[in-house]
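Hi everyone, thanks for making time.

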Amino acid sequence: MTKTLQVLLAERPTGLPTADTWSVVTTELPPLTAGQMLVKISFISLDPAMRGWLNDVRSYLPPVGIGEVMRALDIGTVVESRHPDFAVGDTVSGTFGVTEYAISDGRGVQRVDLNAASGPTWLGALGMPGMTAYFGLLEVGKLQPGDTVLVSAAAGAVGSVAGQIAKAKGATVIGIAGGAEKCRMLTEELGFDAAIDYRAGNVLRQVREVAPDGIDIYFDNVGGEILDAALANLRRGARVVLCGAISAYNEQKPPPGPSRYMSLLVFRASMIGFVVFDYADRYPEAGAQLARWLAEGRIKSREHVVEGGVAQFGDTLNMLFTGANTGKLVLAL
Ligand SMILES: NC(=O)c1ccc[n+]([C@@H]2O[C@H](COP(=O)([O-])OP(=O)(O)OC[C@H]3O[C@@H](n4cnc5c(N)ncnc54)[C@H](OP(=O)(O)O)[C@@H]3O)[C@@H](O)[C@H]2O)c1
């Protein structure tokens, strides 16, 4: 019998999750049956989408139930196996949850090579955020060389990769992030052409100053007022890629609609939402390209690794909503 510490959803939060949202329990896992394996978790991915999974609403995945282990993507090591395709010692990624150990039947599980990249990178630039940036920009945004691209939450997991892909493809790239240090990192370390600190105010005017001719793609990770500022600065035929709206995830009422939506008409623009899972059959293509760019130094992977136990999950998750992370946020057990 294996004992594991796990984080369960105790109650649905109304706003930012609190300590009451979670319960940390010790569970005894049953012995493996044929076709199962036991995975010891080393890295847990923290994702803004987790906040959405706590709401009892219709979405692209069912909500996490009260009393269920919190859903999370992880990297771990197979420590016991009765599965024909996975052996003890394999490093794997999968949706194992916020737990120290998990039993898996192998569905949705991939083997990862820690010689090729670290666990946090497999959860970041080479994982779901990297895929999101790749397909959001190239397939949904239909990036063209010479485009002017604006990315919000640009110092985060998805945004930092999206901006660097755009640069690698010959675009002019402007990032929006919170604070001078994140903006410095974008231009000096990640090669963005310009960075806008939204906390310094008047994003609409700041975008106009750095992109007087307007923007061709707005890669939206935050929604709200920043989306409006982008809509006010579109160029004819622009594409607004609706990737996320983190500014609204903890709001208790639906946010007001984008007040500048008539820009879509005026500039013959489009605004398209997407969910990265719809591109799952093309992850190998994106993964290979992203790995090439990383090896060539055209993309740098930024990760923010918090060391701790599963009990730190709640506090670590909230770092996404205060902007305390730079790059992909990961809890290392
Ligand atoms: N469509 C999809 O399939 C898909 C897949 C993955 C992720 N996403 C979305 O992509 C977005 C980014 O996810 P991520 O994993 O890369 O997270 P992340 O950007 O690494 O972390 C979230 C960042 O959002 C910013 N933020 C938080 N509250 C904000 C607010 N009120 N206004 C403006 N910025 C705020 C913070 O940066 P600052 O310090 O700059 O404020 C924070 O660091 C999220 O909206 C997520 O839901 C979508």
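Let me start with a word I'll need: a residue counts as near a molecule if one of its heavy atoms lies within 4 Å of it. There are 28 residues around the ligand, and the ones that come nearest are V158, K182, Y198, Y249 and N325.

Before I go on, this is a predicted model, where local features need pLDDT of at least 70 and side-chain atom pairs count only at pLDDT 80 or more, while totals for chains, interfaces and linings use all residues. Residues are numbered from 1 along each chain as its sequence is written, and side-chain values use heavy atoms, with hydrogens and water left out.

So, what is the shell around the ligand made of? It splits into 17 nonpolar, nine polar and two charged residues. Here Ala, Val, Leu, Ile, Met, Phe, Trp, Tyr, Cys and Pro count as nonpolar, Asp, Glu, Lys and Arg as charged, and the others, Gly among them, as polar. Helices α3 (128-140), α4 (157-168) and α10 (313-322) each supply at least two residues of that shell; helices are DSSP runs of H or I with at least four residues, strands are E runs with at least two, and both are numbered from the N terminus.

Where does the ligand lie? Domain 1 (2-121 + 302-332) and domain 2 (128-277) both give residues to the shell, so the ligand lies between them. Those bounds come from an automatic or database domain assignment.

Now some distances. An oxygen atom of the ligand is 2.5 Å from a side-chain N or O atom of Y198, and an oxygen atom of the ligand is 2.6 Å from one in the side chain of K182. At C243, a backbone N or O atom lies 3.0 Å from a nitrogen atom of the ligand. Taken alone the ligand exposes 910 Å², and the protein buries 90% of that, using Shrake-Rupley areas with a 1.4 Å probe.

On to the rings. The structure holds five aromatic pairs, meaning Phe, Tyr or Trp rings (for Trp, the six-membered ring) with centres within 6.5 Å; planes under 30 degrees apart are stacked, over 60 edge-to-face, the rest tilted. W22 and F313 are edge-to-face, 5.0 Å centre to centre with 80° between the planes. W22 sits in strand β2 (residues 22-29) and F313 in helix α10, 291 residues apart.

Last one: Y134, F135, Y279 and W293 form one aromatic cluster.

Notes:
Polar contact = N/O pair within 3.5 Å; in protein donor to acceptor, adjacent residues only side chain to side chain.
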